[in-house]
Amino acid sequence: MGASKVDIYSNEINEIAVVAKVFSHPARVAILQYISKQEACICNDIVEEIGLAQATISQHLKVINDAGLLRGTFEGKSLCYCLNIDRFQQLQELFNTFFNKTKLNCC
């Protein structure tokens with residue numbers, strides 16, 4: 001198995017790649033949309049709302065959480081989480097900067 005060689009890229013590029021992984025699966029996008037529509041943090045099961053198995057939801061939540069897009073408690077079976085709005089704003093700025101810089105020197 002080959003190494004991913006992520007260390008040869010800047011922190012900015014690696015951060016964009018981690019967040020892009022979140023948005024590369026429709027289930028994760030659906031989970032984010034569902035969480036965003038709640039008026040408070042979610043402290044119960046979202047399996048019925050999303051329509052996937054608990055284990056699959058947990059795997060998707062881990063990817064979302066690893067990107068810093070959730071905040072809350074993740075202890076054992078006790079999960080209580082909501083969107084990390086500060087992180088969303090940081091990423092919005094990161095992507096805006098990336099797209100603006102990338103198109104700047106293009107033909």
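Entry 1, terms and a loop. Before placing anything, I note that helices (H or I, at least four residues) and strands (E, at least two) are taken as DSSP runs and numbered from the N terminus. I also note that what I am reading is a predicted model. With that naming, I looked up Gln38 and found that this residue lies in the loop between helix 2 and helix 3. Gln38 counts as partly exposed, since its relative accessibility is 30%, and the partly exposed class runs between the buried limit of under 20% and the exposed limit of over 50%. I then took the separation of Gln38 from Pro26, which is twelve residues away along the chain, and their C-alpha atoms are 19 Å apart.

Which residues of helix 2 are buried? I listed Ala27, Arg28, Ile31, Leu32, Tyr34 and Ile35 as the buried ones there. Looking down the axis of helix 2, I see that these buried residues fall within an arc of 165 degrees, and therefore they line one face of the helix.

How many disulfides does the count come to? The count comes to one disulfide, formed by Cys41 and Cys82, whose sulfur atoms are 2.5 Å apart. This pair links distant parts of the chain, 41 residues apart, with Cys41 in the loop between helix 2 (26–36) and helix 3 (47–50) and Cys82 in strand 2 (residues 78–83).

I went on to Asn84, which sits in the loop between strand 2 and helix 5 (85–104). Is Asn84 buried or exposed? Asn84 counts as buried because its relative accessibility is 19%, and the limit for that word is under 20%. Setting aside neighbours within four places in sequence, I found Asn84 in contact with Gly68, Leu69, Leu70 and Arg71.

Lastly I looked at the surface, where Val6, Ile8, Tyr9 and Ile13 form a nonpolar patch with about 390 Å² of accessible area together. Of these I followed up Tyr9, whose place is in the segment before helix 1 (11–23), and I recorded Tyr9 as partly exposed, at 44% relative accessibility.

How values were computed: Residues numbered from 1 in each chain as written. Predicted model: local features only at pLDDT ≥ 70, side-chain atom pairs only at ≥ 80, totals over all residues. Heavy atoms only, no water. Disulfide = S-S within 2.5 Å. Buried < 20%, exposed > 50% of the residue type's maximum accessible area, 1.4 Å probe, protein only. Arc of directions from axis to C-beta. Patch = residues over 30% accessible without salt bridge, like charges linked within 9 Å, V, L, I, M, F, W, Y side chains within 5 Å. Areas by Shrake-Rupley, 256 points an atom, 1.4 Å probe, with all protein chains shown as cover. Salt bridge = Lys/Arg side-chain N within 4 Å of Asp/Glu carboxyl O. Contact = heavy atoms within 4.5 Å.
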